[in-house]
Amino acid sequence: MEMVLQQPLYKRLAAGDWLYALLIVVAAGYSFSLYGSAMDYYEQLILVGSSIGLVALGWFWPSWRWFFPLAGSVSLLAIQLYDHNLARAAESFGLKYLLSSQSSFMWMCTLFFLATVLYWAGTLSRAGLLMRMGSGLTWAAAVFALAGLFTRWYESYLIAADVGRIPVSNLYEVFILFCLITALMYLYYEAKFAVRQVGAFVLLVISAAVGFILWYTFDRQAHEIQPLIPALQSWWMKIHVPANFVGYGAFAMSAMIGVAQLLIRRGILASRLPSAEVLDEVMYKAIAVGFLFFTIATILGAMWAADAWGGYWSWDPKETWALIVWLNYAAWLHMRLVKGWRGEPLAWWAVVGLLVTSFAFIGVNMFLSGLHSYGAL
Amino acid sequence: MRFAIGLLTILAIASIIGTVLKQNEPYPNYAFEFGPFWFAAFEKLGLYDVYHSSWFLLILAFLVLSTTLCIIRNGPAFLRDMKSFRERATDNSLRAMRHSQQLDRPLDEAQAMRLLQGHGLRVKRAARDDGSVLLAAKKGSANKLGYFFAHIAMVVICIGGLMDGNLPLKIGELTGSIKPETRDLPQAQIPEQSRLGTGNLSFRGSVTVPEGKSADVIFMNSGNGYLVQELPFIVTLKKFHVDYYSNGMPKLFASDIVVTDKDSGKTSEHTIKVNHPLVVDGVAIYQASFGDGGSPLQLKAWNLQTPQAAPTEIKGNSLGAQPLKVNGRDYKLEFGELRVFNVENTGAPGSDDKSLEQRLKDARSVRQDTKALKNIGPSISFKLRDQHGQAREYQHYMAPMQQDGEWYQVAGVRSDVGQPFQYLRLPLDKDMSIASFMRLYAALKDPTLYDEIRKRTTAKAMQGQAISPAMQQQFSDSVRWVLSRFAEGGFKALEQFLDDKVPADKRQAIAQTYIKILQGAVVDVMDVAQAKAGLAPWPQDAKHYRFLLDGLVGASALQDYAAPVYLEMSGFDQVQASGLQMTRSPGKNVVYLGSLLLVIGIILMFYVREVRVWLLLQRDGTRLAMTSNRHNRDLDQDFERMVGYLNKQAGEA
């Protein structure tokens, strides 16, 4: 029978979808055959869980199917070039200028800046080509970011076996994660809602993060790989941190869309940007997905705290600010869903939400003391 | 709803206060920071423990109540709506829907049924009086369930939190049956009213156990004091471990413990690590901190009135206190913590003096951190209290430290806990001992030697033709004067004199002269000291000269040291202590259940799309109407496709 209504994802799967799933399963199986003996029970569960997650993400978002394998291949190439020897980073041309994690991140920074310029040029001059190039560069930057993170993970093991760890454990690394996730989420919505002009705004917040990364690298040498202190040696980190950054990325994106929406409603750039109603919907979607992941991340954080700190909730400043962020967006969603608010007030609120979120993300580390003290500036 | 949002706002603001103001600090710290008035005011408001203050708990309770009321009030209508197919919708209401269209061809009922059911919709048929049939269909009703899940979850989480909160304690404190202890008493003497039995359902506290010792209680902060919680078992610390990475960062904190059940006497051995707690009888035991457990120490006491004399050996215990008699006066020696590892960043702060090119290169390179984290060895801190109760605090390092190629012993001193330590470094001789320095120091302070010293120094100056014969007597007097002034108060005393007596424009030149005299005389001071001790004179080379100059600096700094005795740590027997945190939290699983409900609720609310379709089958046409809980573009597309499909079907029929 012909399907007229949109069907759930699992009913729409085609041969290509299964092929992609097979690829992921084979890759996961191969990783397990290589490293399974070094994994504990939880890490094996995480491998299974992330395979399922990767398959689901690829089914849900077709672009992921080339993006993820590409980033994976790039970092595999880097690993090949390293040949178990960290010193090769300075010798091999490919590593030195392109593929070592630091080179990848520097390329990521450059490409994000260029993409921002192109998006703005494209939006202001109504040139679709420039905007398409902007999106292409954003994709490329995201490939470098993800591949760089994978490579950095490998490099940490080259430094010493006991130093090896997933690169999501300090402020430098999570800023890269933030850029990556925000960019990817934006690219998803850009394609889904055909709102390429908004890239100019979303890339601004990414550029700000990139600026921070550069300052942090050049001035504070924060890119150096450090081993994990005992409090962070837990498999919980592998899921708590990324989940949190889906939330932060989504909230940052919604705030920038809120800015665009406010400008449109004031007649600024209105003819060059999509309609305020479409942006309103994208903003809502971003906050909804951010809220879901932020909730999950906070719960995972509580479960980790119950293992590490002696209680699932200690009113640590970071925990408390996470609660404040959560309450903020819970109220936002209530206003939209229950009271039927739309448009300007919610856009303003989303912008203010970014301030609250940023404080929870960086401000707490800078100004308050507490148990989450490993990201100090 | 508005009330709930108001409460949430207050809750958020209160939470912010709690993050800005450091919680659960000792009360004197607050009093010092805010002054008496604000200290009392803030204490009344419970700001030192916001999250456990009565008003904060009251807001939480109100939130639970308000959410419960919200569920009770809106729940039934939601449930009705969830169950209902709205098959009684009138023509008018169908027409009024945003997605509604009248098709002018009739549709076969069986076919319509197949279409709807084939899409996973549940259908209810209603025959109408005018002969038409309304097929009301829907799917995704679970969306409404999300509302229940999410809101019940909030109530469940809060209940779990209250189970683990200190509500019973608060009530006990209000009724006076529980009273926090504010004095520093041995555990056994703490009165009954400050002790909680093993029956207490929920607690969280900590205890420090030295190696080889046991604990069967934990301590919990409560306001200005603490409470003692009895445990159903005894924890004995066998050994505490710290491992370090090659760069000096800590890698592992672990405690080997033995747990003995109080009732059955059964023992079991375990190792707990950070992130790997042990659960016994529903009590989770965590590795929380570590420190010194009171280690036996050996020290050499150098009497600073007679520094040339051999030091006396004394024994002590870190964290302990003992009397000390020096030169007929009574002092109290209060030891602080023995720290065996002192990992310090000894490298130059890397980024200060780098070229841009170098920084760019650094940014590209993949390295482990190059901060020169280095273990500079054991240290002991102690206070020396005189009869008037005045004390200075000292921090002495045991291992020699190398600076610019030479070796030193380093000691810090401060008169006020709030200040940073002032460090003095005493040069070590070829035996790695401070004995030579002490000999030099003794000679510098001994006026009876000055005549011999000034004779030698003046003779040398004459020989080198640095002074004319006419100046001889004046120079000799100067040497004596500079030496005695230096013996009184080091470089500071000389500076003081210059500031008081010499016009500003001449100070620089005269200071230079004094320094030159001192630098010349110190060689003779050491020679005289060696001769007096019956030892061979030192060779005159750069290495020994540097020692003497360092000795002058050290001797000057010892003036500020202001202790009758210099304690050199010569050995220790480390006994560590492990800080264990113990928690019993029966509400934990309730909170987790609530969290699960919350996530399910949010997913159902945001990601399950409720779609309703109505097909009114009339004799001469068909009306199609559709709604969705979200006015998104999916519905527009679905509706368009549905209209197209029905038109085609009807055409074929």
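Modeller: In this predicted model, α3(B) passes α6(B) in a left-handed crossing, meaning that the near helix is turned anticlockwise from the far one by less than a right angle. Helices here are DSSP runs (H or I, at least four residues), numbered from the N terminus. α3 of chain B covers residues 54–83 and α6 of chain B residues 142–164; the two pack at an angle of about 160 degrees, with their axes 9 Å apart. The axes are lines fitted to C-alpha atoms over the stretch in contact, and angles run from 0 to 180 degrees between N-to-C directions. At that angle α3(B) is therefore roughly antiparallel to α6(B), a label used for angles over 145 degrees.

Contact requires C-beta atoms, placed from the backbone, within 7 Å. From α3(B), the residues that make the contact are L60(B), L63(B), V64(B), T67(B), T68(B), C70(B), I71(B), G75(B), F78(B), D81(B) and M82(B). α6(B) contributes K144(B), Y147(B), F148(B), H151(B), I152(B), M154(B), V155(B) and C158(B). By class, the residues of this contact are 13 nonpolar, four polar and two charged; Ala, Val, Leu, Ile, Met, Phe, Trp, Tyr, Cys and Pro count as nonpolar, Asp, Glu, Lys and Arg as charged, and the others, Gly among them, as polar.

In chain A, 25 residues of domain 2 are in contact with 28 residues of domain 3. α8(A) gives the most to the domain 2 side, with ten residues.

As the model is predicted, local features need pLDDT of at least 70 and side-chain atom pairs count only at pLDDT 80 or more, while totals for chains, interfaces and linings use all residues. Residues are numbered from 1 along each chain as its sequence is written, and chains are lettered from A and ligands numbered from 1 in the order in which they are written.

Terms used. Contact = placed C-beta atoms within 7 Å. Parallel < 35°, antiparallel > 145°, perpendicular 65-115°, else oblique.
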